[in-house]
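I opened this notebook to keep track of what I looked up, one entry at a time. Come along and check each entry against the picture.

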Amino acid sequence: MNATMTYNPPDDIDQRRSRSLVIGVGALVLCAIGFFINRDQFFRAWLIGYMLWLGVALGSMGLMMIHHLSGGAWGMVVRRVWEAAGRTLPLLTILFITIVIGMTTLYPWMHADLMQRDAILRHKALYLNRNFFILRAAVYFIGWNLIAWRMTALSRAQDEGNVLATRSMQRLSGGGLVFLALSITFAGVDWFMSLNPDFYSTMFGFLFMNYLGLCGLAFTIVIATYLSRTPGMGPVFRPSHFADYGKLTLAFVMMWAYFEFSQYLLVYAADLKDEIPWVLTRIDGGWEYLALFLLLFQFVVPFCLLLSRPLKRAPDRIVKLAVWLLIIRLIDTFMYVSPEFSSAGVNLATVPGEHASVFFVNWLDVVTPVAIGGIWFWNFYTQLRQRPLLPLADPYLASALESSGGH
């Protein structure tokens, strides 16, 4: 590490901030128009786009806590990136209010007439009700924000020479990972599984933990590639760092396939009337082509590419795959949500009788993730420029940068 370097944020970060804000606000105006055209489609698309960027923020925070527990240069060089992503959680907390406003549109258990008709819903009424839903969401967001705030405070204390801060961050990371795993499990059930309240799956929580890992790693590779091209941080990044990110991404890609297949196998083998419609909906009505697309481009193609050692060590090559994986995360989220709705944006569970879901895409499915993403990146760059890009007072920094980059 060069003692004369300050590792300040890149010179063009303000331009990126402004550009992100312009894109976000412009797309947000289109979202507002979509809201007045079709509120049902707007709330459905907002849930999809929102989850992608929440996954990036929480996934980054999870990787940061794993790094504090495991150490290694793989995380040291991007720790400030993860901290900045975690500090966007107050913004994401505010944006969640839109989902609360759209609860009646999104969730069939909000309809009293359906609760009276459906015995299963009446059985779940103690859990699936408006007040308890909001209370649980409040617990999730309070916990996530407190972890991000405390981690930032301890990181600042470490910069100021507090020798106990490093150990405190490690202790907080242990408990924080447990809370993150439990909370995202319940959040997945609340926000996604309850779109079809008759369905249940014990694999759902694992799928959403994997969701965070893939979002966080893909985002890390994108920002690490950007920083590696800057004069200040370029000498810090090595091919071994990107190789580590690629190996972790490969592991999470394989876990996605394992969890998805396990859920499919268990549901299909049991053939229960409360579970099997969820699967059948996604392999019929045009959705089967999207399912095949996800199998190929979420698992088969990334798996084969990530087996290549040269690709994992080349930032200019692996960043293309990382961007693709973020797009696939959005498509995968679309697959979780949209088959429960009609092409008009109405949750089919709220419509009396049986109705088959037919594949559809609305223009808001593209605009809404861009709107939320633009605002999110503006906030992320705002946070990233506030601190040096390396934790200069970390006692393990020198040894980490002198190592090969492994764990």
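I began with helix α15 (residues 287-306) and helix α17 (residues 315-337), which pack at an angle of about 155° with their axes 11 Å apart. Helices here are DSSP runs of H or I with at least four residues, numbered from the N terminus. Axes are lines fitted to C-alpha atoms over the stretch in contact, and angles run from 0 to 180 degrees between N-to-C directions. The angle makes α15 roughly antiparallel to α17 (over 145 degrees).

I then listed the contact (heavy atoms within 4.5 Å). On α15 I found, among others, W287, L290, F293 and F297, and on α17 I found residues including I318, W324, R329 and D332. I sorted the contact residues into 17 nonpolar, one polar and two charged. Ala, Val, Leu, Ile, Met, Phe, Trp, Tyr, Cys and Pro count as nonpolar, Asp, Glu, Lys and Arg as charged, and the others, Gly among them, as polar.

A note on sources: I am reading a predicted model, where local features need pLDDT of at least 70, side-chain atom pairs count only at pLDDT 80 or more, and totals for chains, interfaces and linings use all residues. Residues are numbered from 1 along each chain as its sequence is written, and side-chain values use heavy atoms, leaving out hydrogens and water.

Next I looked up A73, which sits in helix α3 (residues 73-76). Is A73 buried or exposed? I found A73 buried, with a relative accessible area of 0% (buried means under 20%, exposed over 50%, partly exposed in between, with a 1.4 Å probe and protein chains only). A73 and D244 lie 171 residues apart in sequence, yet 9.5 Å apart in space, C-alpha to C-alpha.

Last, I saw that helix α12 (residues 204-228) is mostly covered, with 22 of its 25 residues buried.

Definitions and conventions. Helix = DSSP H or I, 4+ residues; strand = E, 2+ residues; numbered from the N terminus. Parallel < 35°, antiparallel > 145°, perpendicular 65-115°, else oblique.
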